[in-house]
Amino acid sequence: MPVGIEAWVTQIPPVTRTWLILAVLTSLAVQCQLVTPLQLYFSFKAVFTNAQPWRVLTTFFYFGTISLDFVFHMFFFMRYSRMLEESSFANRKADYFWLLFLSSIMLLALSPLVNLPFLSSPLAFVPIYMWSRRHPSTPISLFGLVTITAPYLPLALVGIAWALNGTWRAAAGDLLGCAVGHISWFVRDVWTREMVGGHTILSEAPDALKRLFGDI
């Protein structure tokens, strides 16, 4: 690996970096025909009846074959996941992992409602949505063509994905990610402050997980 790329990768925060590497490796494995998407998608029947538990993980790492849509999702996922981990979750690796973990559970539970075999794109929208709500006045330039404020970013990306693929089904996963992202934001930033008055297990990682990540 070239030194420049290696240095760039090592500068990415650990949770985002691990997710990025696994996502790229998964798509490359499919591109090289080492595995097929049929071996990676999530379904309750495959996991529990056919005893294929790895699908619970691989559904979050496969963003599709190397294409314009793949590059689009990876760019925005990496950009805003990195920014969120470096700002709101700085030195809190366990809390950021906990956010993604709980969001993943919600997506797995909701996936049969929208018939989504792969949940990588919906999960990627969670940090995008969270960042956009925590930086409401930040202006965002979309490809240098139009400028919007951060809260409109998730819906703008949904519209772009729709336009790139030409069907609303392509945006269904992103919309589901926005819904789960909104729930995650509400639990962490509204419910804990206005209704509970402090952190709960839904908004902060357990101490055992913090010790595992070296946060305490």
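Student: Over residues 140-164, what percentage of the chain is helix and what percentage is strand?

Tutor: Please note that this is a predicted model. Over residues 140-164 the chain is 48% helix and 28% strand, with the end C-alpha atoms 20 Å apart. An unreviewed UniProt entry lists this stretch as a "transmembrane region", together with residues 20-42, 54-76 and 96-119. Over residues 96-119 the chain is 79% helix and 0% strand, and 18 Å separates the end C-alpha atoms.

Student: How many bridges join strand 1 to strand 2, and how do these strands run?

Tutor: Strand 1 (139-142) and strand 2 (residues 146-149) are joined by four bridges and run antiparallel. I140 has I148 of strand 2 opposite to it. Three residues lie between the strands of this hairpin, where F143 adopts a positive phi near 55°.

Student: Which residues touch the most other members of the largest nonpolar core?

Tutor: The general idea is that nonpolar side chains tend to be buried together in soluble globular proteins. Here, the largest nonpolar core has 50 residues, and W19, I140, L153 and L157 touch the most other members. At least two residues of this core come from each of helix 2 (14-31), helix 5 (68-86), helix 6 (93-114), helix 7 (120-134), strand 1 (139-142), helix 8 (153-165) and helix 9 (169-196). Apart from this core lies another, of five residues, including A94, W98, L102 and L209.

Student: Which residues does L157 touch, leaving aside those up to four places away in sequence?

Tutor: With those set aside, L157 touches F72, F76, F125 and I128.

Student: How many disulfides are counted?

Tutor: A disulfide is a covalent bond between the sulfur atoms of two cysteines. In this model the count is zero.

Student: Is C32 buried or exposed, and is C178 buried or exposed?

Tutor: C32 counts as exposed because its relative accessibility is 54%. C178 counts as buried because its relative accessibility is 8%.

Methods. Residues are numbered from 1 along each chain as its sequence is written. This is a predicted model: local features need pLDDT of at least 70, side-chain atom pairs count only at pLDDT 80 or more; totals for chains, interfaces and linings use all residues. Side-chain values use heavy atoms; hydrogens and water are left out. A nonpolar core is a set of buried Ala, Val, Leu, Ile, Met, Phe, Trp, Tyr and Cys residues joined through side-chain atoms within 4.5 Å. Buried means under 20% relative accessible area, exposed over 50%, partly exposed in between (1.4 Å probe, protein chains only). Contact means heavy atoms within 4.5 Å. Two strands pair if DSSP finds at least two bridges between them. UniProt positions are given in the numbering used here, feature names are shortened, and annotations may be inferred rather than shown by experiment. A disulfide is a pair of cysteine sulfur atoms within 2.5 Å.
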